[in-house]
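Q: Can you walk me through this model? Plain answers will do.

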Amino acid sequence: MRKRSKDHPLQSEMDRRDFLIRSAKAGLTLGAAAALGYFLYDPVGPGIPVEKSSVALPDFSVPEAGKKIAIATGDDRIKTVNAALKALGGIECFVKKGDRVLIKVNAAFATPPSLCATTNPELLAEVTRLCLGAGAATVAVTDNSINNPESCFALSGIGDAARSSGAHLIVPAESLFTSITVPGSNFIRNWPVLFGAFKGATKLIGICPVKDHHRSGASMSMKNWYGFIGGRRNIFHQDIHTFIKDLAIMIKPTLVILDGTFAMISNGPTGGSVSDLKQTNTMIVSTDQVAADAVGAALLGKTPADLPFIAKAEQAGAGTSDFEALSPFRVSTG
Amino acid sequence: MRRTGIAETCIGIFILALLAAIAGGVYIAQSIFDPGFYSVALQKEGNGAYRKNSLPSPGSEPTPAFLPETLVPMGPEETFDSGTLSDKIDGKADLYLSSGFVKLSTRRFARRDDPKSWLELFIYQMGDPTNAFSVYSVQKRKDSRPVELGVSAYATEDAFFFTNGPDYFEIVSANKDLAEEMSSLAKNLVAAEPKYTGQRTEASLFPPESLDESSISLHMSDVFGFSALDRVYTASYGPEAARVTAFLSQRESAEEAAGLADAYGRFLIENGGEEAGAIPGAPPDSKVYKVFDTYEVVLHRGKFFAGTHEVDSLESATDIASRIYRKLDEAGR
């Protein structure tokens, strides 16, 4: 024993008591590290649901921009959206350097872009490029599709458009939904909303086509927010106009871009043929979602009075249906 | 117990600090939202869901017998019942659910030599031929051309629509150059089932002169915005510029037909209409209403409830209504 101690001087100084104390300390350290790891472990990942009482959707509007609307006419979406934004002062009035922009598209269906049942991919790509060009730190694109999200993003062309223009896609994973209650809402009460997609976002832009809708009469800017709702949301079709009003008070966007280059005038919201479309050559960009929908109604051959959700949203304070009161900027791209 | 040396203490503190820094880094990293985290499924080429729903993988799925040689399945068939139909067609589900919907089967197919050229087949099982004709007819596209399939069918430049027996079919293409494939697929689908030659309905009682046969539609519920009005055939008469919409519905009894005519008349008055009084040329058992700037003739004859709807010209409204009345009179004898 003594001989081995000479070969290993450190061991020679450790007696039984010393060994037990050191072992206990090592065990405690390991246990503390494991406990800390367990405490910090996030089993769900980013977007973890939080208590419903502690969440509220941010107000993404830009107060200094005020209520504005631009109506650009022409058959080229790239030209009309640029012309409309320019009329409003440029994208820089709404997206600043470092902003994290969330774009809510209509990717409800796994249908080809030609049917205009979903957001036009070229329009999405252009708006993404404009946001990044204005200095946005990130642009994310999302929708809680009605059909399988992966196939919707792929077949609608939205997935490729987002990637090619530098945007991230947020696929509506279960973990991104949080049950929330919207004050003043009739139906969004303790109901799952795609809350995780808003995390970190500083600006929100909605981009959607103008469509006929079998139940609500029209699917436009306000109805587009339906894609933030989770759960068995089809039950809200029973009182769709009130529900769209709820959506309008839940979301306070930076901008809405309502694409009426082609309007789906029949068999909406899915359509099924280009014969359901009418070329209406109009792009509406507005900070007031109610005003945008009031303009869009005419593209479907309707008046705001034909669409009860417009009056309901106006009464709830989400905007004005009297878009002329906003002194619309009207531009033509020739 | 041996006291630890300075070197040991320094090394221990360094390791603990390093561990604390790593823990802090992990904590901060996982609290920062990364949208890319949720797009992984789309970025990975090998992801099953992505491939299944977007690109054809020849040979990986069973091929249905009705599929033309030039097409391959893009993925498995999907089916929807009354509880899940809105997961596929959203707000349009109500149209089908109110018309006896049983089941929807859908599947996408792509060109064997060009995977980006694809189409989707929808087969709606509607329970009976009347229901199937209803959903077929009320969605009929204006810019369409009739298709000779031996059943009720039409096509647009990017889609085929037809009904055979209790089933309603839609073939919707992503490209306008798939007409040949759509035609072959439609023919195969019709050939795969016994051809339904139609049954005699009250629609055959629309007087044929100046009738646009392709305009005949069957509305199953909430017809003309009146909740009590269901199972009504409509048809158009005359040229496009002076169209007259006629309607016809067979009820369970003559009493029901008369009662429905009265109720519909009250509905018109409640919604801004007024009785136009005795109108020369109006058919017997009828009332003429003026609703804003249009005319509405409402009549009943035996078990039939019929008339004309929202007609600009009083003369045209009463003329077509009178012809319908005479036809019903002949049928009743």
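**Strands, helices and domains**

A: To begin with one pair: Ile103(A) has Val141(A), in strand 3 of chain A, as its bridge partner. This is a predicted model, in which local features need pLDDT of at least 70 and side-chain atom pairs count only at pLDDT 80 or more, while totals for chains, interfaces and linings use all residues. Residues are numbered from 1 along each chain as its sequence is written, and chains are lettered from A and ligands numbered from 1 in the order in which they are written.

Q: How many bridges join strand 2 and strand 3 of chain A, and are they parallel or antiparallel?
A: Five bridges join strand 2 (residues 100–105) to strand 3 (residues 138–142) of chain A, and the two run parallel. Strands count as paired if DSSP finds at least two bridges between them.

Q: What sheet do the strands of chain A form?
A: An open sheet of eight strands, ordered 4-3-2-7-8-9-1-10, with mixed pairing. Its edge strands in chain A are strand 4 (168–170) and strand 10 (329–332), each pairing on one side only. From one strand to the next, the twist averages 20 degrees. Axes are lines fitted to C-alpha atoms, for helices over the stretch in contact, with angles from 0 to 180 degrees between N-to-C directions.

Q: Which strands does helix 5 of chain A lie across?
A: Helix 5 (residues 121–133) of chain A lies across strand 2, strand 3, strand 7 (203–211) and strand 8, at about 170 degrees to strand 2. Contact here requires C-beta atoms, placed from the backbone, within 7 Å.

Q: And how many helices and strands are in chain A?
A: Eleven helices and ten strands. These are DSSP runs numbered from the N terminus: helices are H or I with at least four residues, strands E with at least two.

Q: Why is chain A called more spread out than a compact globule?
A: Its radius of gyration is 26 Å, well over the 20 Å that the globule rule gives for 334 residues, so chain A is more spread out than a compact globule. The radius is taken over C-alpha atoms, and the rule is 2.2 Å times the number of residues to the power 0.38.

Q: Switching to chain B, what are its domains?
A: Domain 1 (48–192) and domain 2 (202–332), with bounds from an automatic or database domain assignment. The centres of these two domains of chain B, over C-alpha atoms, are separated by 34 Å.

Q: How many residues are in contact between them?
A: Nine residues of domain 1 of chain B contact seven of domain 2 of chain B. On the domain 1 side, helix 6 (residues 129–138) of chain B gives the largest share, five residues.

Notes
Two residues are in contact if their C-beta atoms, placed from the backbone, lie within 7 Å.
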